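Colleague: I am new to this one. Could you walk me through the model, one question at a time?

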Amino acid sequence: MKKLLLACLMMSVLALSISCKKDKDDEPKAGISFKVDGKAWQSTTALAQRAGGVTQIAATNADGTLQFLVAINGTGTFSANDEIMMTYQAGMKTYFADEELDPDAKIIITKYDTANSIIEGTFSFKAYDMEGNFVNITEGKITALSFIQQ
């Protein structure tokens, strides 16, 4: 009887400990997300690298590619006129942020951890193609993105 009681107690403790573990879905997913003209976009692949004083941040999924090139050494707000290039590509169309057409285009780096090689931030911009058509990139988030330092 003691063995049965002990076995039941151990099973209860095990079941309780398993149910109390933090679910990995609760952790923020590393990558880049934003909205293109109101439609949600989530990266399937995202990367960042720093070389020669310039940080490149890029993300892709089946719908397109997003890329930033910016001269940053830490946190701060960077606009299109701060020598930053912001592009979005969908299919055969490439859209560029332009400081004259969208003076509010910006990327805000909220975390630039060189010790752990992690970058985080937010962004928004209006991007134009060569014919003058544009897309609105809004609610952009860079979450726990690892970067390579060269």
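Modeller: Happy to. Let us start with a term: contact means heavy atoms within 4.5 Å. As for ground rules, this is a predicted model, in which local features need pLDDT of at least 70, side-chain atom pairs count only at pLDDT 80 or more, and totals for chains, interfaces and linings use all residues. Residues are numbered from 1 along each chain as its sequence is written, and side-chain values use heavy atoms, with hydrogens and water left out.

Colleague: Among contacts in the protein chain with a separation of 6 or more, what percentage comes from residues 24 or more positions apart?
Modeller: Here the pairs are sorted by their separation in sequence. Taking the contacts of the protein chain with a separation of 6 or more, the share from residues 24 or more positions apart is 50%.

Colleague: In what order do the elements of the protein chain run?
Modeller: Helices (H or I, at least four residues) and strands (E, at least two) are DSSP runs, numbered from the N terminus. The protein chain has one helix and 11 strands. Read from the N terminus on, the order is α-β-β-β-β-β-β-β-β-β-β-β.

Colleague: What percentage of the 150 residues is buried?
Modeller: Buried means under 20% relative accessible area, exposed over 50% and partly exposed in between, with a 1.4 Å probe and protein chains only. By that rule, the buried part of the 150 residues in the protein chain is 34%.

Colleague: Which aromatic pair is stacked at 4.4 Å centre to centre?
Modeller: Rings of Phe, Tyr and Trp (its six-membered ring) pair if their centres lie within 6.5 Å; planes under 30 degrees apart count as stacked, over 60 as edge-to-face and the rest as tilted. The structure holds eight aromatic pairs, and ring pairs link Phe-34, Trp-41, Phe-68, Tyr-88, Tyr-95, Phe-123 and Phe-125 into a cluster. Phe-34 is buried at 3% relative accessible area, and Trp-41 is buried at 4%. With 25° between the planes, the stacked pair is Phe-34 and Trp-41.

Colleague: Which residue in E11 is the bridge partner of Lys-126?
Modeller: Two strands pair if DSSP finds at least two bridges between them. The partner of Lys-126 in E11 is Asn-136.

Colleague: In what sense do E3 and strand E11 pair, parallel or antiparallel?
Modeller: Strand E3 (residues 45-51) is joined to strand E4 (residues 54-61) by seven bridges, and those two run antiparallel. Toward strand E11 (residues 134-149), E3 has three bridges, with Ala-48 opposite Phe-147. The sense in which E3 and E11 pair is parallel.

Colleague: How far is Gln-150 from Gln-49 in space, C-alpha to C-alpha?
Modeller: Gln-150 is found in the segment after E11 and is exposed, at 66% relative accessibility. Not counting residues up to four places away in sequence, Gln-150 touches Gln-49, Arg-50 and Ala-51. Gln-150 and Gln-49 are 101 residues apart in sequence, yet their C-alpha distance is 7.4 Å.

Colleague: Is Glu-139 buried or exposed?
Modeller: Glu-139 lies in strand E11. Although it is not a glycine, Glu-139 has a positive phi of about 55°. Its relative accessibility is 53%, so Glu-139 counts as exposed.
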